[in-house]
Amino acid sequence: MKDLVLVIDVISAVGLIGLILLQQGKGADIGAAFGSGASQTLFGSRGSANFLTRTTAILATVFFLSNLGLAWLYAQHATTPASVTKSVITEQPAKVETPTLPAEVPAAPKAPEVPK
């Protein structure tokens, strides 16, 4: 269920970005008045405004609802707050045994005398 809502959320976000970039700003009408040729586009001179704004509003609604749905779905699984620091397992250092020397330490052998 989470995956489906997440896919809908991503698709609506990408669609919103595309639709917002396609729309003309309010200052673009002045360029069309002086013969730039941008007034007769794919949807006509004013036909695109209604189509694009309605589609943007629909996608924005889908985007916000999918975000609310994702927040609700993820909140259902987080019933107990978990701390990241409490979930880390700390290792205790191993006990190091120091070797004990035997009671009688043999004497080191004497070096042979070198003749002079």
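Me: What share of the contacts with a separation of 6 or more comes from residues 24 or more positions apart?
Reply: In this predicted model, such residues account for 85% of those contacts in the protein. A contact here means heavy atoms within 4.5 Å.

Me: How many helices and strands does the protein have?
Reply: Four helices and zero strands. Along the sequence the pattern reads α-α-α-α.

Me: Why is Ser12 called buried?
Reply: Its relative accessible area is 1%. Buried means under 20%. The value of 1% falls under that cut-off, so Ser12 is buried. Ser12 sits in helix α1, which covers residues 2-22.

Me: Which residues does Ser12 touch, leaving out those up to four places away in sequence?
Reply: Ser12 touches Leu59, Val62, Phe63 and Ser66.

Me: What makes the pair of Ser12 and Asp9 a polar contact?
Reply: A polar atom of the Ser12 side chain lies 2.9 Å from the backbone oxygen of Asp9. The cut-off is 3.5 Å for a pair of N or O atoms, where one must be able to donate a hydrogen and the other to accept it. The distance of 2.9 Å is within 3.5 Å, so the pair meets the distance cut-off.

Me: Is Ser66 buried or exposed, and how do you know?
Reply: Ser66 is buried, because its relative accessibility is 6% and buried means under 20%. Ser66 has its place in helix α3. The side chain of Ser66 reaches the backbone oxygen of Phe63 at 2.8 Å.

Me: Which residues does Ser66 touch, not counting those up to four places away in sequence?
Reply: Val5, Ile8, Asp9 and Ser12.

Me: Why is Ile58 called exposed?
Reply: The relative accessibility of Ile58 is 56%. Exposed means over 50%. The value of 56% is over the cut-off, so Ile58 counts as exposed. Ile58 lies in helix α3.

Me: What makes Ile8 partly exposed?
Reply: Ile8 has 37% relative accessibility. Ile8 is in helix α1. Leaving out residues up to four places away in sequence, Ile8 touches Val62 and Ser66.

Me: Why do Ala13 and Val7 count as partly exposed?
Reply: Ala13 has a relative accessible area of 24%, and Val7 has 47%. Both values fall between 20% and 50%, so both residues are partly exposed. Ala13 has its place in helix α1, and Val7 lies in helix α1 too.

Me: What share of the residues of the protein counts as buried?
Reply: Of the 116 residues, 10% count as buried.

Me: Which residues form the nonpolar patch on the surface?
Reply: Met1, Leu4, Ile8, Ile58 and Val62 form the patch, with about 500 Å² of accessible area together. The elements that give two or more residues to the patch are α1 and α3 (47-77).

How values were computed:
Residues numbered from 1 in each chain as written. Predicted model: local features only at pLDDT ≥ 70, side-chain atom pairs only at ≥ 80, totals over all residues. Heavy atoms only, no water. Buried < 20%, exposed > 50% of the residue type's maximum accessible area, 1.4 Å probe, protein only. Patch = residues over 30% accessible without salt bridge, like charges linked within 9 Å, V, L, I, M, F, W, Y side chains within 5 Å. Areas by Shrake-Rupley, 256 points an atom, 1.4 Å probe, with all protein chains shown as cover. Salt bridge = Lys/Arg side-chain N within 4 Å of Asp/Glu carboxyl O.
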